[in-house]
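Here's a friendly walk through one protein model. Keep the sequence and the 3D view open side by side as you read.

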Amino acid sequence: MMSFGWIPSLGMYLIGIALIGVAFRNYLCRTSPSTKDKIDRLLNQEHEAQFVRALSLPEEFFIQIDTSLYPNVEQDDCRKCYQKLIQSVNRKMVNLQGKSNLELKKTYGPQTLELVGEYERNYFEFMDISIQYGQILYENHFLDEARQTLEACILYHCDVSKCYRLLITIYKEQSDFVA
């Protein structure tokens, strides 16, 4: 014959699950009015932003690169990378760090969002090429030039950790612990 001693355990388990569900529901009921209000406000702002007229982006919105900060080294690998760097400087760039899509839409209109995204991709590509150039200079023992290049990246608000790690390596090799 089969034993039914497991039925009380199953009952207690199901009651425990039900209590957790009720407690979670109560928690949601307590917190959801403020969460619901936040979501409603955000959706209303998003809706309003959809009707903002497109504005042209002001010139100060774009990053202006000073090419004199990047040394030109006449070694083959360095020269090739430097040429790529100079070509990428001619594209419009923005760093949107600290700006939300909603802010951009409310300020410049939703039509400009895709264009601004392209300008930000140009910035990231420029930073990648700059760091690559610094790496090539470092590998070819042009430490001062590599340092100058990587410090220029930081001047333009680079947040790529590889830039900082390589710069630290150069500082150590040059025994510059103050920088």
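## Starting with a cysteine

Is C158 buried or exposed? C158 is buried, with a relative accessible area of 3%. Here, buried means under 20% relative accessible area, exposed means over 50%, and partly exposed is in between, using a 1.4 Å probe and protein chains only.

Before going on, some ground rules. This is a predicted model, where local features need pLDDT of at least 70 and side-chain atom pairs count only at pLDDT 80 or more, while totals for chains, interfaces and linings use all residues. Residues are numbered from 1 along each chain as its sequence is written, and side-chain values use heavy atoms, with hydrogens and water left out.

## Cysteines without a bond

A disulfide is a covalent bond between the sulfur atoms of two cysteines. In this model the cut-off is a pair of cysteine sulfur atoms within 2.5 Å, and searching the whole structure turns up zero disulfides.

C153 counts as buried because its relative accessibility is 0%.

## The nonpolar cores

Now for the inside of the protein. In soluble globular proteins, nonpolar side chains tend to be buried together. A nonpolar core here is a set of buried Ala, Val, Leu, Ile, Met, Phe, Trp, Tyr and Cys residues joined through side-chain atoms within 4.5 Å. The largest one has 30 residues, and I65, Y70, L85, F126, M127 and Y133 have the most contacts inside it. Four helices each supply at least two of its residues: α2 (76-89), α4 (113-139), α5 (143-155) and α6 (161-173). The biggest giver is α4, with nine residues. Helices are DSSP runs (H or I, at least four residues) and strands are too (E, at least two), numbered from the N terminus.

Take a look at M127. If you skip its neighbours within four places in sequence, M127 is in contact (heavy atoms within 4.5 Å) with C153, Y156 and C158.

## A threonine on the inside

Next, find T149 in helix α5. T149 counts as buried because its relative accessibility is 0%. Which residues does T149 touch, not counting those up to four places away in sequence? They are Y70, P71, S130, Y133, G134 and L137.

## Aromatic rings

A pair of aromatic rings is described by the distance of the centres and the angle of the planes. Rings of Phe, Tyr and Trp (its six-membered ring) pair if their centres lie within 6.5 Å; planes under 30 degrees apart count as stacked, over 60 as edge-to-face and the rest as tilted. How many aromatic pairs does a search of the whole structure find? The search finds six. One of them joins F61 and F62: the centres are 6.1 Å apart and the planes sit at 90°, so this pair is edge-to-face. F61 is buried at 13% relative accessible area, and F62 is buried at 9%.

Y70 and F126 also make an edge-to-face pair, because their planes are at 80°, with the ring centres 5.9 Å apart. This pair links distant parts of the chain, 56 residues apart: Y70 is in the loop between α1 (7-49) and α2, while F126 is in helix α4. Both Y70 and F126 are buried. Elsewhere, ring pairs tie F61, F62, Y108 and Y119 into a cluster.

## Salt bridges

A salt bridge is a side-chain nitrogen of Lys or Arg within 4 Å of a carboxyl oxygen of Asp or Glu, and the structure holds five of them. In one of these, E46 meets K105, with the closest N and O atoms 2.1 Å apart. That bridge also links distant parts of the chain, joining helix α1 to helix α3 (residues 101-108) across 59 residues. E46 is partly exposed at 25% relative accessible area, while K105 is buried at 11%.

R79 has two partners. With E74, the closest N and O atoms are 3.5 Å apart, and with D76 the N to O distance is 2.4 Å. Because D76 and R79 are three residues apart in helix α2, about one helical turn separates them. E74, D76 and R79 are linked in a network of salt bridges. Within this trio, E74 is exposed at 58%, whereas R79 is partly exposed at 28% and D76 is partly exposed at 45%.
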